[in-house]
Amino acid sequence: MKLATIRTGDTTTAARITDDNRAVKLGAEDVGKLLRDGTFDEGEEITFAPGDLAPVIPRPGKIICVGLNYAKHIAEMGHEQPDVPTLFIKYPEALIGAYDDAEVPSFNADTLDFEGELAVIIGTRARHAANGAEHIAGYSVINDYTQRHFQKRTQQWHQGKSLEKTAGFGPWLDTEWQPGPAITTTVNGEVMQHAPTDDLVFTPAKLVEFISHLYPLEPGDVIATGTPAGVGHAREPKRYLANGDTVRVEIEGLGAIENTTRVY
C-alpha cells in the first residue's frame, strides 16, 4: 500500500495511491496524522499531479539522520567505520514535496550538496525496542540536502543539514517495499550515486533499536538512513549544486523525488 499526503487547494489529505495520478482520500489531513490516529477510513477518489505531492509526513515529530552508514561513503569522506550510528537532527521546516523546488537564499548558496537516502517511517511507538522491524510502517525517499561549509565549520553537523525548504521527501510511504533494490541519484540526468539499499552498516531495524534506547520513537517519526558514495563534496573537482540544478533520487520499486535548486 502506498500512502501519500496530497495538496488539495489550501489543505492536504492523506490518500492511498491507486494509479499514477489517482488516489483515494483517507480520514486524516496527512500521513503523519493517519499513523498517529490509526484510522484508514476511505472516502472519495481524487486525481493529482506530481506537484500536488506534499512531504509524505509534513511535520514529523522527529527527523533523525544517520551519517556514515554506507562503507564506500565512509571511505570517501575520510572517516573510520563507526561502531555505533552517527546521528544528527533535521527539522520539519527543511522538508519539501517530492517535486517542489529547493529554495535557497543567496547568502546560504555556497557548497550545496545532494545526499540521496532511504527513509524509514515509524508506524508504532518504539521504546527500548528488541525488534526494530516491528515498528516500521514503511519506507520513502529523502534528500539530505546539505550546505557543506556550514556542516564543516563546527564539529556538530546540524547547521549544514537543515536548511529551510531544501529536503525533498516522498513521493509516498510504501508499506510493502523492503530494502535491497538500488538507490540512484542524478544531477541534471548524470548519475552521481548508485548503490543497493541493503548495503548498510546499520540496517533500518538496528537503527530503530539503537535510537529507541535513547528516546522513544513515535508514529510518523522519520529516520534518514544515510547516503551512498558519490556526493558532490567528495568529487574532484567538487560538484556543488547551483541555481537550476535538478536532483533526482530514485529507489527501484519504491519511487522517486525530483527537486530543482532555486537560488534567490
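First, the ground rules. The model is predicted, so local features need pLDDT of at least 70 and side-chain atom pairs count only at pLDDT 80 or more, while totals for chains, interfaces and linings use all residues. Residues are numbered from 1 along each chain as its sequence is written, and side-chain values use heavy atoms, with hydrogens and water left out.

I start with the annotation. The UniProt record, an unreviewed entry, marks residues 62-260 as "domain: Fumarylacetoacetase-like C-terminal". Such positions are given in the numbering used here, feature names are shortened, and annotations may be inferred rather than shown by experiment. Over residues 62-260 the chain is 10% helix and 35% strand, with the end C-alpha atoms 25 Å apart. Helices (H or I, at least four residues) and strands (E, at least two) are DSSP runs, numbered from the N terminus.

Now the inside. I will say "buried" for under 20% relative accessible area, "exposed" for over 50%, and "partly exposed" for in between, using a 1.4 Å probe and protein chains only. A nonpolar core is a set of buried Ala, Val, Leu, Ile, Met, Phe, Trp, Tyr and Cys residues joined through side-chain atoms within 4.5 Å. Which members of the largest core touch the most other members? They are Ile6, Leu217 and Ile223, out of 48 residues. A second, separate core has 26 residues, including Leu3, Ala28, Ile74 and Phe169.

Helix H4 covers residues 204-212, and its buried residues include Leu207, Val208 and Ile211. The buried residues of H4 pack against strands E5, E6, E10, E11 and E16. Contact here means heavy atoms within 4.5 Å.

Next, charges. Side chains of opposite charge can pair when their charged atoms come close. A salt bridge is a side-chain nitrogen of Lys or Arg within 4 Å of a carboxyl oxygen of Asp or Glu. By that rule the count is 19.

Take three of them. Aspartate 19 and arginine 22 meet at 2.8 Å, N to O. Aspartate 19 is partly exposed at 34%, and arginine 22 is partly exposed at 35%.

Lysine 161 pairs with glutamate 115, the closest N and O atoms being 3.1 Å apart. Lysine 161 sits in the loop between H3 and E13, and glutamate 115 in the loop between E9 and E10, so the pair ties together parts that are 46 residues apart in sequence. Both lysine 161 and glutamate 115 are buried.

Arginine 248 pairs with glutamate 258 at 2.9 Å between the closest N and O atoms. Arginine 248 is in strand E17 and glutamate 258 in strand E18, so this pair links parts 10 residues apart in sequence. Salt bridges that share partners also join Lys90, Asp113, Glu115, Asp144, Arg148 and Lys161 into one network.

What about a buried charge that has no salt bridge? Aspartate 174, in strand E13, is such a case: the nearest side chain of opposite charge, lysine 2, is 4.6 Å away. A polar atom of the aspartate 174 side chain lies 3.1 Å from the backbone nitrogen of tryptophan 177.

Glutamine 193 is in strand E15 and is buried, at 1% relative accessibility. Its side chain makes a polar contact of 2.8 Å with the side chain of threonine 227. A polar contact is a pair of N or O atoms within 3.5 Å; within protein, one must be able to donate a hydrogen and the other to accept it, and residues adjacent in sequence count only if both atoms are side-chain atoms. The backbone oxygen of proline 228 also lies 2.8 Å from a polar atom of the glutamine 193 side chain.

Last, the backbone. Most residues other than glycine have a negative phi, and most peptide bonds are trans. The bond from glycine 170 to proline 171 is cis, with omega near -5°, and proline 171 lies in strand E13. The bond from glutamate 236 to proline 237 is cis too, with omega near 0°. Threonine 111 has a positive phi, near 50°, and lies in the loop between E8 and E9. Histidine 128 has a positive phi near 55° and is in the loop between E10 and E11.

Conventions: Lys and Arg count as positive and Asp and Glu as negative; His and the chain ends are not counted.
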